Each structure stands twice: as structure tokens, then as C-alpha cells.
Amino acid sequence: MELSIIHIAFILITLIATLAPGFIAARKIKSADDYSVGGRKSGVGLVAGSIIGTIVGGAATVGTAQLGFKLGLTAWWFTLGSGIALIVMAIFYAMPLRKSGLTTVSEFLVTNYGKKAGYLASLSSSFGIFFSVVASTLTGLHLIADIFHLNLYVAGALLVCITASFVFFGGLSGGGMAGILKIVLIFSSIAVGGVLAYSGMGGLSGMAATFDPYPWFSLFGRGTQDGLFSLVCMIVGVISTQSYAQAVFSAKDTKTAAVGCVAAALVVIPVGLPSVMIGMFMHAHHPNINPIMALPQYLLTYLPEWLGGIGVGALLISSIGSLGGLSLGIATLIARDVVKNIWKDMDSKQALWVNRILVLVAMFVAMVFVFFHLDSSVLDFNYLSMSLRASGIFMPLTFCIFFNNRIKPLWGLLSIGCGIFTACFWPYLIPIKINSLFPALAVNFIFLVIGLMIGKKE
């Protein structure tokens with residue numbers, strides 16, 4: 001892929017336009033709450049933008065096109081499942097979470113199950129989110145290195161610097177404003193590319209002549225169990241994720257929190273389809289390319305130069321925004337649930353800088369991990385991430401919502417701890433071929449039901 005002057009100009013314009021909100025937001029940030037939850041003043045647009053800015057990242061665009069290149073429609077599960085999860089979140093979870101006035105999911109669990117449960121939940125969530133950070137880092141690294149023909153180490157350093165400027169100063173508010181602009185850029189480029197790719201393959205009749213019905217036109221192209229796992233994984237994973245809950249906590253009121261989730265869902269659900277179309281187009285016309293580069297190569301080859309530049313800029317921002325938002329989620333969990341309990345006299349300004357430093361640490365550790373897994377699948381890391389974070393949070397959080405303060409803390413703690421253990425070690429302990437997420441959720445449920453039946457002593 002060779003970049004023209006027009007490509008480079010519009011990539012730079014796109015990057016500057018979407019990075020600017022972070023610097024603007026930085027001027028208003030005076031405390032850790034301003035940084036982590038936008039001072040709890042976010043409207044519907046900013047709540048939705050914060051969610052979109054994180055969830056529509058490398059997996060929703062480059063990763064979806066990568067799997068679309070390999071298997072077709074089954075790649076849509078990531079954004080389809082994410083959208084369904086956000087609707088479920090809006091109906092059942094958004095209002096109770098925002099009404100609590102807390103900052104992390106772990107703090108919410110502590111209200112029912114005690115501090116030890118909070119530590120375990122923070123561990124599960126941080127460990128799970130880390131693999132989503134890895135997925136976004138993997139996407140961004142390949143994009144920068146391959147498009148600009150840079151050494152991987154130089155590309156990695158550049159990615160961390162750009163992401164730091166995106167979220168380090170502006171926090172959640174900067175990411176939210178950029179998320180709104182980012183989705184406009186994605187729809188104006190990748191959506192156009194998807195329509196052109198569909199037309200270029202001759203529509204449905206042309207695609208039917210090129211691709212077999214299975215797996216290319218099936219949501220279950222990797223098998224029924226895998227498809228169901230993808231759906232369940234996205235629903236429980238999104239609801240369990242600090243980064244999305246953080247946007248809910250930032251809302252100015254409970255109604256805004258719920259409506260923001262629905263607005264984000266309506267945008268997220270269709271985003272994956274153009275990427276699937278482009279992945280299939282590139283498989284039909286360029287079957288020997290690296291699948292992870294299917295989407296950027298299409299944008300630079302088949303779109304007008306100015307629009308291709310905007311599209312590639314939007315892809316970079318997608319990876320950067322997701323990487324920054326997820327790193328912010330990890331930083332907030334560790335700062336609020338670990339550091340704050342150790343450094344008890346930490347003031348507001350110190351807490352703000354602890355958050356910022358932890359964002360950089362999360363990105364750096366993810367970058368080191370990626371260099372040992374350069375050829376991995378982006379979506380596989382994301383599904384692993386969703387599974388790990390849900391195994392210790394989803395069921396305990398759900399019982400907090402529906403059976404508030406009715407379960408003895410011991411049983412909540414056992415549910416979280418044993419769920420995490422099951423998710424990590426099921427493949428090594430039980431020779432039954434089933435994804436460890438399902439037995440982990442079952443273990444969560446059993447302990448919580450026992451705790452509910454016994455009841456909580458006054």
C-alpha cells in the first residue's frame with residue numbers, strides 16, 4: 001500500500017480533528033472524578049459517544065473485516081452482540097448503576113458482598129479488559145506499521161504517544177467527544193466502502209455465485225456453539241465492563257444513562273456489516289493478502305483518495321479510542337479499588353495523576369504482550385476478554401440489581417472467586433469440550449442461589 005499526498009493530508013486532518021477534544025476537555029479537568037466520569041454531567045450524546053468511542057474500535061472494524069475475509073457473516077457477531085448487550089444494559093442495569101452514585105462496578109458489588117469481593121471483581125475485570133486493550137493495540141500497531149512502512153518498535157512508540165494525547169489529558173470527556181466525531185467519520189467512509197464492495201461483488205446474486213452458502217452467509221459459520229458463545233459472551237461481557245459502566249456513571253441522571261445506552265446500541269449494531277462486506281470483497285479479489293489488512297487496503301485502493309484518507313484516519317482513531325477508553329477503565333478500577341485503599345490520604349490532584357499514570361502503564365504492558373503475539377486474531381482476544389471479565393462480575397452484579405442486599409456476603413464472595421477459578425482452569429480440570437464461560441456462569445449462579453435461599457442475616 002502506497003500513500004499519496006492526498007491520503008496523508010486527510011489522515012492527518014482526521015487525526016487532528018478527533019484528538020482536539022482531548023486537549024479541550026483537559027482544560028476543565030480539576031479532579032479524578034472529572035477525569036474518570038466527566039464530573040457526572042454528561043448528556044445523552046456524551047454518554048453514547050463514550051460507549052461508542054470505546055466499543056467501536058479495532059475489533060468492530062479491522063477485526064470484523066479480518067474475520068469476514070476468512071468466514072463471512074459470522075464476523076458480525078461482535079457489533080450485533082454489543083448492540084443487544086447495550087439494550088439489555090439500558091433496560092435493567094443503567095438506572096440502578098447511575099443511581100448508586102459510585103464510580104466502578106467493583107464498588108457496586110462491595111455494597112452487597114463486602115470489600116474482599118470488590119478486590120476479586122477488580123482483578124477479574126482488569127484482567128479481562130487487558131485482553132481488549134491487547135486487541136486494540138494489535139490493530140493499531142499493524143495499521144501504523146503497514147500503512148506508513150515503519151519499524152514495529154517505532155510504530156508501537158508512536159501508537160502509545162498518540163493514544164496518550166487522546167485520553168491522558170482529556171479522560172472520559174475527551175474520549176466521549178471524540179467518539180461522536182469518530183462514528184461520523186466511520187459512517188462517511190467505511191459505510192460507503194461497504195456499499196461499494198457489495199455492489200462490486202454483483203449484489204446478492206454475484207456473492208452467491210462467488211461464495212458457498214456455508215459458512216459465508218451464516219451467523220453460525222464457525223458452528224452453532226461458537227455462534228451462541230459469541231452472542232452470550234458479548235452480552236455478559238459488555239454489561240460487566242468497567243469502561244461502559246463508566247459512561248453510565250458519568251450521566252447527569254438515570255434517564256440519560258439509559259437513553260445513552262440505547263442510542264449507542266442503535267449506532268453499534270449496523271457498524272459491523274460494511275466491514276464484513278469489505279472483508280468478503282477482498283477475499284474474492286485479493287485472496288493472498290494478510291487478512292488483518294483487508295479493510296485499510298480496500299479503503300486506500302478502492303475509495304477516492306480523500307475519502308480513503310478519512311477512512312484510514314477513522315480506523316486509526318477507532319483503535320486509539322478503544323485502546324484509550326479501555327486503558328482508562330483499568331486505571332480507574334486499580335486507582336479506586338486498590339491504590340485508594342493503600343494510599344488513604346491521597347488528595348484529589350494526586351488521585352488524578354495516579355489515574356493518568358496507570359493509563360500509560362496499562363498501554364505499555366499491553367504493547368509488550370502484543371509483540372509476543374503479532375499474528376493473533378483480533379476478535380479472539382476480544383472474546384477471551386469478555387469471557388474473563390464476565391466470569392467474576394456478570395452474575396454477582398445481576399443479583400445485586402434484582403436481589404439487592406438479600407445475599408450473605410460470603411456467598412457472593414464464593415460466587416466471584418469460584419467463577420474466576422472455573423473460567424481460568426476449566427479446560428485443564430474437566431475434559432468436556434465447552435467454552436469455560438458457560439460453566440463459570442453456572443458456578444456463579446449456583447452459589448448466588450444458595451446464598452439467596454439462605455438469606456442475609458440482619
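**Close-up views of a predicted model**

**View 1. S391 touches S124, I416, G419, I420, A423, A440 and N444, leaving out residues up to four places away in sequence.** Contact here means heavy atoms within 4.5 Å. S391 sits in helix α18 (residues 378-402). Helices are DSSP runs of H or I with at least four residues, strands are runs of E with at least two, and both are numbered from the N terminus. S391 is buried, with a relative accessible area of 1%. Buried means under 20% relative accessible area, exposed means over 50%, and partly exposed lies in between (1.4 Å probe, protein chains only).

The model is predicted: local features need pLDDT of at least 70, side-chain atom pairs count only at pLDDT 80 or more, and totals for chains, interfaces and linings use all residues. Residues are numbered from 1 along each chain as its sequence is written, and side-chain values use heavy atoms, with hydrogens and water left out.

**View 2. Helices α6 (residues 105-113) and α19 (residues 409-429) cross at roughly 140°.** Their axes come within 8 Å. Each axis is a line fitted to C-alpha atoms over the helix stretch in contact, and angles run from 0 to 180 degrees between N-to-C directions. The pair is therefore oblique. Angles under 35 degrees count as roughly parallel, over 145 as roughly antiparallel, 65 to 115 as roughly perpendicular, and the rest as oblique. From α6, L109, N112 and Y113 meet P409, G412 and I416 of α19. By class, this contact has 4 nonpolar, 2 polar and no charged residues. Nonpolar covers Ala, Val, Leu, Ile, Met, Phe, Trp, Tyr, Cys and Pro; charged covers Asp, Glu, Lys and Arg; the others, Gly among them, are polar.

**View 3. V56, M89, Y113 and L397 touch the most other members of the largest nonpolar core.** That core holds 139 residues. Helix α16 (residues 305-342) supplies its largest share, 16 residues. A nonpolar core is a set of buried Ala, Val, Leu, Ile, Met, Phe, Trp, Tyr and Cys residues joined through side-chain atoms within 4.5 Å. Setting aside neighbours within four places in sequence, M89 contacts A94, L97, I239, Y244, A245, V248 and C261.

**View 4. V238 lies in helix α12 (residues 224-239).** V238 is buried, at a relative accessible area of 0%. Beyond residues up to four places away in sequence, V238 touches I55, S82, A85, L86, Y244 and M386. V238 and G83 are 155 residues apart in sequence, yet 9.4 Å apart in space, C-alpha to C-alpha.

**View 5. The disulfide count comes to 0.** A disulfide is a pair of cysteine sulfur atoms within 2.5 Å. For C233, the nearest cysteine sulfur is that of C424, 14 Å away. C233 is buried, with a relative accessible area of 0%. For C261, the nearest is that of C400, 18 Å away. C261 is buried, also with a relative accessible area of 0%.

**View 6. The peptide bond from Y214 to P215 is cis.** Its omega is near 15°. P215 belongs to helix α11 (residues 213-216).

**View 7. H149 has a positive phi, near 55°, and is not a glycine.** H149 lies in the loop between α7 (115-148) and α8 (152-168). N405, not a glycine, has a positive phi of about 65°. N405 is in the loop between α18 and α19. At 42% relative accessibility, N405 counts as partly exposed.
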